[in-house]
Amino acid sequence: MSIRVRFAPSPTGPLHIGGVRTALYNYLFAKKHGGVFILRIEDTDQNRFVDGAEAYITKTLDWLGISPDESPSKPGTAGPYRQSERKDGYLKYAKLLVKNSSAYLAFDTADELQSLREAAEQKGGRFIYNWENRNRLKNSLSLSADEVAELIENKAPYVIRFKSYEKGRDKSLSMIDKIRGDVVVDTSLLDDKIIVKQDGMPTYHLANVVDDHLMEISHVIRGEEWLPSMALHVLLYNAFGWKTPVFAHVPLILKPTGKGKLSKRDGDKFGFPVFPLEWDKETPGFKEAGYLPEALVNYLALLGWNPGGEEELFSLKELVALFSLEGITKAGGRFDPERCKWFNQQHLHKADSALVESSLAQLLQQKGIDNASVSTADVVGLVQDRLTLLTDLWDEAYFFFVAPVEYDEKAVRKQWKEETPQILSAVMNSIENAHDAQAETLSAGIKLWANENNIKLGMIMAPLRIALVGALKGPDVFAICSVLGKAECVKRIASAIDKN
């Protein structure tokens, strides 16, 4: 079988992290089997269309490294890739269903249907437009051909409905989902869904099935929220006489509490992003929060899929090699912000230092800081393993480029003794007279002086760190000295003695 899968989001706003994971699973499956990954924009609902959403989706997939093989911006032979550009084709297929008695024209007005709903509710029931009542309602099944022709000629608005079940047929529809196994639905309980709206635009159900068929989609991998629609879609395939693709409905990404679907509100409440990229100034994404795309991909892949074994850290290439639909779980995956951070920390520690150095260079440029005297490569070498998020970089590195003008009061109160100025003066002397600024050289010289003068290292190290950094933080103090250089160290120590 030729593997062709699609990710088909609606351009109604920023791409939720749940949608990102669905796209990822489609990508992994396609690449695992040498197949094609397609991006199709499902924009049939023009009332919900949001300008810029399609570009956001494309930008997100590119950032994550899971760019589609075919898309609106990278067309192949199966286009167009926007449903709004395929409108005439959908009507053709809807008319085929009407012609073979699988669908019909319904002229019922919104007010008429509302009255039927209210009447049913008053009796404690629920109105469903289906096989039990369709022949008593205002449609091409109950009206004569002349009446239907007259309504059309008078431009009476109508929709096209699909016959989900017809009396006398087998009610039981058996289907297979690659994740959930056997699925059996009683089709007599289904309503006759609208497949073409009054404006002539298809609903999701018709457009989805027609597009998947014409694009030769082999596997439909989508969120479990579409599981209730699986029966209708299979019935549509059957009505057309088309081969049904393999279905796989992936579980939801759940709130951190484990109860309910993850939403933007959860991110706002607990202080973490739920969108991959910034949507607006009030809605930052994972990228802006300091996450690496490799880390987010790694975490999301495991949030509902188990590759087996104990290993958790994978590159995209490794995920492709391991991925299988059989490894996807039925149960929803609870989004754990701290766990997601841990994955980012691990990937950040393994990342090419050039990436971190580039980020640091951008920060310095934004802040208008000249770093000519300090090597950004040396700084990154000291702080990269201390980062959890890329946004931690400035907090871990600022003191290499900005000398302290204030000192942590608590640290000074605890560590700055009466003899500290005298000790630091000697340390300053030792640094100034060292034959080079290597950390080992400076460390050996200061420790030798401390030993000869019976001074405990604790009397030296904390005050020296305060003098250089302004607080009790940062990597090895002699490594800091080495990166700053002898002259800058002497300058900072002298300033600390003067101010404290």
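1. Start with W279, which sits in the loop between α8 (264-270) and α9 (293-302); helices (H or I, at least four residues) and strands (E, at least two) are DSSP runs, numbered from the N terminus. W279 is partly exposed because its relative accessible area is 28%, where buried means under 20%, exposed over 50% and partly exposed in between (1.4 Å probe, protein chains only). The C-alpha atoms of W279 and L15 are 9.1 Å apart, with 264 residues separating the two along the chain.

2. A word on ground rules. This is a predicted model, with local features needing pLDDT of at least 70 and side-chain atom pairs counting only at pLDDT 80 or more, while totals for chains, interfaces and linings use all residues. Residues are numbered from 1 along each chain as its sequence is written, and side-chain values use heavy atoms, leaving out hydrogens and water.

3. Next, E42. The loop between β2 (36-39) and α2 (53-64) holds E42, which counts as buried because its relative accessibility is 5%. The E42 side chain makes a polar contact with the side chain of R40 at 2.8 Å. For that term, read a pair of N or O atoms within 3.5 Å; within protein, one must be able to donate a hydrogen and the other to accept it, and residues adjacent in sequence count only if both atoms are side-chain atoms.

4. Which residues gather in the patch of positive charge on the surface? They are K410, R413, K414 and K417. Patch members have over 30% relative accessible area and no salt bridge, and like charges are joined within 9 Å; a salt bridge is a side-chain nitrogen of Lys or Arg within 4 Å of a carboxyl oxygen of Asp or Glu. K410 belongs to helix α15 (residues 409-415) and counts as exposed because its relative accessibility is 64%.

5. There is a patch of negative charge on the surface too, made by D146, E147, E150 and E153. E153 is in helix α5 (residues 145-153), and it counts as exposed because its relative accessibility is 66%.

6. Now some backbone items to look at. Most residues other than glycine have a negative phi, and most peptide bonds are trans. G79 and P80 are joined by a cis peptide bond, with omega about 0°; P80 lies in the loop between α2 and α3 (87-99).

7. E216, not a glycine, has a positive phi of about 55°. The loop between α6 (204-214) and β8 (219-223) contains E216, which counts as exposed at 57% relative accessibility.

8. N454 also has a positive phi, near 55°. N454 is in the loop between α17 (439-452) and α18 (458-469) and counts as exposed at 74% relative accessibility.

Key: Patch = residues over 30% accessible without salt bridge, like charges linked within 9 Å, V, L, I, M, F, W, Y side chains within 5 Å. Areas by Shrake-Rupley, 256 points an atom, 1.4 Å probe, with all protein chains shown as cover. Lys, Arg positive; Asp, Glu negative; His and termini not counted. Charge placed at Lys NZ, Arg CZ, Asp CG, Glu CD.
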